Amino acid sequence: MGALLVIPRGAYSFGRMEVLDVVDGQQRLMTFEILLAALRELARALGQDQVADLLDPLLLNTEGPQMQDRR
C-alpha cells in the first residue's frame with residue numbers, strides 16, 4: 001500500500017463539491033529525487049566531487065541487472 005495525503009482546500013459548503021488536494025507517495029519521491037539532484041549539482045559546482053559521487057548512486061541505477069547489455 002502506498003502513502004497518500006488528502007488535504008481539504010478551503011471551507012465546506014452545502015451544495016458544492018468538496019475540493020481536495022491529493023499528494024501521493026510518487027510525488028514525494030520525485031520531490032526528494034529533485035532535491036538530491038540539486039545537492040549533487042551544487043556539490044559539483046563547489047568542487048566537492050567526492051560528495052557528488054556519493055549522491056550519484058542514489059539517483060542513477062547503473063549497476064542493476066536492468067542496465068546490463070543483454071547481447
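Does Arg 40 count as buried or exposed? Arg 40 counts as buried because its relative accessibility is 14%, where buried means under 20% relative accessible area, exposed over 50%, and partly exposed in between (1.4 Å probe, protein chains only). The model is predicted: local features need pLDDT of at least 70, side-chain atom pairs count only at pLDDT 80 or more, and totals for chains, interfaces and linings use all residues. Residues are numbered from 1 along each chain as its sequence is written, and side-chain values use heavy atoms, with hydrogens and water left out.

Arg 40 lies in helix H1, which spans residues 25-45. Helices (H or I, at least four residues) and strands (E, at least two) are DSSP runs, numbered from the N terminus. Leaving aside residues up to four places away in sequence, Arg 40 touches Ala 52, Leu 55, Asp 56, Leu 59 and Leu 60; a contact means heavy atoms within 4.5 Å.

Phe 32 is also found in helix H1. With 48% relative accessibility, Phe 32 counts as partly exposed.

For the protein as a whole, the elements are two helices and two strands, in the order β-β-α-α along the sequence. Of its 71 residues, 13% count as buried. Among contacts with a separation of 6 or more, 7% are between residues 24 or more positions apart. The protein exposes about 6500 Å², of which carbon and sulfur atoms supply 61%; accessible areas come from the Shrake-Rupley method with a 1.4 Å probe, and for residues only the protein chains shown count as cover.
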